[in-house]
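Here are my notes on this model, point by point. Please read them with the structure open.

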Amino acid sequence: MDVKPQKNAAAQAAAKSAAGAGYRRVAAAAPRKPPQESWVRRMLARVPQLLPSSCALCGEAGRDTLCSPCHKRFFTRQHRRCIQCAMPMPVSGKDLRCGACLKDKPAFDATIVATDYFAPSDQLALALKFGGDLRVAPLLAALIRDAALRSPVPGSDVQLALPTMLAPVPLGRERLQERGFNQALEIARPLSALLDIKLYPQLLERKKETQAQSALPVAARARNVRQAFLVPYGAMDHVRGRHVGIVDDVMTTGATLNEVAIVLKRHGAKRVTNLVFARTLPV
Ligand SMILES: [Zn+2]
Ligand SMILES: [Zn+2]
């Protein structure tokens, strides 16, 4: 798997950002990259096959970021999920949506998740977000891709439509400078390539700095992110009539993703699908 150059490229981008270049300027400069840079990137992308690596979960040496026994053990058994919020559901039953979504419909239309958020797969999300281990981002993207291509109701022909464009949940400027990278964007980049769906890194902006959702009681989370996002003027035309895929690392109550979907729908998005690595289970 594409490991070290991704890390280097991403680390450079992060360093650039941390050096004060700013999120908007770094991303805005992307289309004007000189052609040779993409050539170098392509060449570097071939190198990791030759370099030793280790499994991010068990540490076993090998070429892949996740060894095949760990992949088989933790990511191949899937349960049935609500098509709207991805909450696990009983195997039998006719409804495609869980009781909570039937009762109080979220603004997003569908959610695709790779796994539930518990040990040891939570370690992958933590390694990326707080450990700054950017090599796991392509792995999380690959696991989301697998989830996007399988049915949310195992054994059925129920299939979720794939979005026609992707965007990450944005970080606030302060949080971005503190962390140096947006983990959602790090996942969205390789996911865009894997699914061949165009990425719009700046489709959304976080207009107010919010507290970390994980630090708040569940009841306060919706309030914390209310009106936190906007679609900048230049991106408005991209949203109208489109099926937007929103990428994030972890979904907890869904309050953040719901707020994002409200904003996108307000700008005329036809459909919003969340593509998330891990979903926390109710406590
Ligand atoms: Zn392993
Ligand atoms: Zn649901």
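1. Start with one bridge. Ile112 has Leu275 as its bridge partner in β8. Ala110 is likewise bridged to Thr273 in β8. These belong to a parallel pairing of strand β3 (residues 110-116) with β8, made over six bridges. Two strands count as paired if DSSP finds at least two bridges between them. Helices (H or I, at least four residues) and strands (E, at least two) are DSSP runs, numbered from the N terminus.

2. A word on the source. The model is predicted: local features need pLDDT of at least 70, side-chain atom pairs count only at pLDDT 80 or more, and totals for chains, interfaces and linings use all residues. Residues are numbered from 1 along each chain as its sequence is written, while chains are lettered from A and ligands numbered from 1 in the order in which they are written.

3. Now β7. Strand β7 (residues 243-251) runs parallel to β8, and eight bridges join them. Ile246 stands opposite Asn274 in β8.

4. How well covered is strand β8 (residues 271-279)? Eight of its nine residues are buried. A residue is buried if 20 or more other C-beta atoms lie within 10 Å of its own, exposed if 12 or fewer, and partly exposed in between; C-beta atoms are placed from the backbone. Across the protein chain, buried residues make up 39% of the 283 residues.

5. The core. The largest nonpolar core has 64 residues, of which Leu140, Ile144 and Phe277 touch the most other members. Elements giving two or more residues to this core include β3, α7 (136-149), β7, α12 and β8. α7 gives the most, with 10 residues. Such a core is a set of buried Ala, Val, Leu, Ile, Met, Phe, Trp, Tyr and Cys residues joined through C-beta atoms within 7 Å.

6. Look at Phe277. Leaving aside neighbours within four places in sequence, Phe277 is in contact with residues including Ala114, Leu140, Ile144, Ile187 and Val250. Contact means that the two C-beta atoms, placed from the backbone, lie within 7 Å.

7. Then α7. This helix is mostly covered, with 11 of its 14 residues buried. Among them are Val136, Leu140, Leu143 and Ile144.

8. Last, Val263 in helix α12. Why is Val263 called buried? Because 20 other C-beta atoms lie within 10 Å. Not counting residues up to four places away in sequence, Val263 touches Phe229, Leu230 and Val231. The C-alpha atoms of Val263 and Gln227 are separated by 8.2 Å, although these residues are 36 apart along the chain.
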